[in-house]
Amino acid sequence: MENFQKELMGARTIAIAGHVRPDGDCIGSSTALYQYLNRNKKRFGIESVDLYLEPFGNEFSMLGAIDEIKHTCDGDQDYDLFISLDCASLDRLGDAVKYFDTAKKTLNIDHHISNTGFAQVNHVVADASSTSEVIFTLLEEEEITKDIASSLYVGIIHDTGVFKHSNTTQKTMNIVGKLINKGIDFSKLIDESFYSKTYMQNQILGRCLMESILVLGGKVIVSAIRQSILNFYQARSTDLEGIVDQLRVTKGVEVAIFIYETNPNEFKVSMRSNGKVNVSKIAIYFGGGGHVMAAGCTMYGVLNDVINNLTPHIEAQLKEFEEPEGAYRFD
Ligand code: 5GP
Ligand code: MN
């Protein structure tokens, strides 16, 4: 915390940005930090703070400062300090990278195991559930308002799948307890930002489940959706949130793969593991990244090739769990 505050000193203009196609943790951690800095402007000698995030869905509209977010990077400001949140590598910053490039000082706060340490100052806590959890540890508890707590809570529930993923620790739950003590409406935050779906989102989810296929003897489930179908539903990538998680809970499955077409012959791949397979390793191999149990990448070519290029990596990792050939068995 003291080191973080030292980094803030002398920065009159600050830009905060998160990764492309922002998720709950990205939105939660960045709106929390944005509100904290705005509250403490005088103390740190800050003149202005700008938050840049690509457009996202209405499910986050209950969060504080949501209307103040800049969704395009039109201006040409040179910031004193650029803070990157929840971003594993520079390419994940999208258009906001231009502010990173021209900033006097750059700071990278994240929790991805694959983080490349791309900034001047890097604070990467790989065993933290979320960037929101990392942000909590950087703020004084008494400065965390109900709105800041709501943002951090939403960030944590999204990256932990409402406390069910293996990244949830005692520390996570202790922090969550403190956030609840701030009087946040946690039931509403969970329902509105996580579980509630529009009719269109549910239709796409249903379609993706119906069209999913099992491969590698039922160990892997794959579902893909074309751009033409997404256009028909007028769906954005944020409308596809949660589909891969529903695929993952299919009985017998070790890895779930959800693929959507972003451009002709360009596919965004989301992978989830149930424990045996390190999907981050596979995502990194194809130029992406993420966590051991949840990772993603962009792949090019025809859809069948994309799937056929992924499955051997899963097969190879699953083989490590099989009994070695000729092993002695006591029957
Ligand atoms: P999702 O599948 O929900 O898009 O992402 C799962 C995790 O993998 C997230 O932590 C996300 O940041 C990371 N991830 C997804 N796609 C990419 C990618 O193309 N590059 C990198 N570096 N990380 C990704
Ligand atoms: Mn995150």
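Predicted model: local features only at pLDDT ≥ 70, side-chain atom pairs only at ≥ 80, totals over all residues.
Visitor: Why is α2 called largely enclosed?

Guide: A residue is buried when its relative accessible area is under 20%. In α2, 14 of the 16 residues are buried, so the helix is largely enclosed by the rest of the structure.

Visitor: Why does the pair D86 and H111 tie together separate parts of the chain?

Guide: D86 lies in the loop between β3 (81–85) and α4 (97–102), while H111 lies in the loop between β4 (105–110) and β5 (121–124), so the pair ties together parts that are 25 residues apart in sequence.

Visitor: Are D86 and H111 buried or exposed?

Guide: D86 has a relative accessible area of 2%, and H111 also has a relative accessibility of 2%. Buried means under 20%, so D86 is buried, and H111 counts as buried as well.

Visitor: Which residues touch the most other members of the largest nonpolar core?

Guide: That core has 49 residues, and I14, L33, L37, I83 and L179 touch the most other members. Leaving aside residues up to four places away in sequence, I14 touches L8, L37, I46, S48, V49, D50, Y79, L81 and I83. Apart from this core lies another, of 21 residues, among them M271, V277, I314 and L318.

Visitor: What makes the pair D80 and K104 a polar contact?

Guide: The cut-off for the N or O atoms of such a pair is 3.5 Å, and the side chains of D80 and K104 make their polar contact at 2.8 Å. D80 is placed in the loop between β2 (48–52) and β3, and at 10% relative accessibility D80 counts as buried.

Visitor: Which residues are the closest to ligand 1?

Guide: Of the 13 residues that surround ligand 1, the closest are R92, H112, K268, S270 and R272. An N or O atom in the side chain of R272 is 2.8 Å from an oxygen atom of ligand 1. A backbone N or O atom of G289 lies 3.3 Å from a nitrogen atom of this ligand, and a backbone N or O atom of G296 lies 3.5 Å from an oxygen atom of ligand 1.

Visitor: Why is R226 called partly exposed, and why is Q234 called exposed?

Guide: Exposed means over 50% relative accessible area, and partly exposed covers the range between that and the 20% limit for buried residues. R226, with 37%, is therefore partly exposed, whereas Q234, with 66%, is exposed. R226 is found in the loop between β7 (220–225) and α10 (227–233), and Q234 in the loop between α10 and α11 (243–248).

Note on methods: Residues numbered from 1 in each chain as written. Chains lettered and ligands numbered in written order. Heavy atoms only, no water. Helix = DSSP H or I, 4+ residues; strand = E, 2+ residues; numbered from the N terminus. Buried < 20%, exposed > 50% of the residue type's maximum accessible area, 1.4 Å probe, protein only. Core = buried A, V, L, I, M, F, W, Y, C linked by side-chain atoms within 4.5 Å. Contact = heavy atoms within 4.5 Å. Near = heavy atom within 4 Å. Polar contact = N/O pair within 3.5 Å; in protein donor to acceptor, adjacent residues only side chain to side chain.
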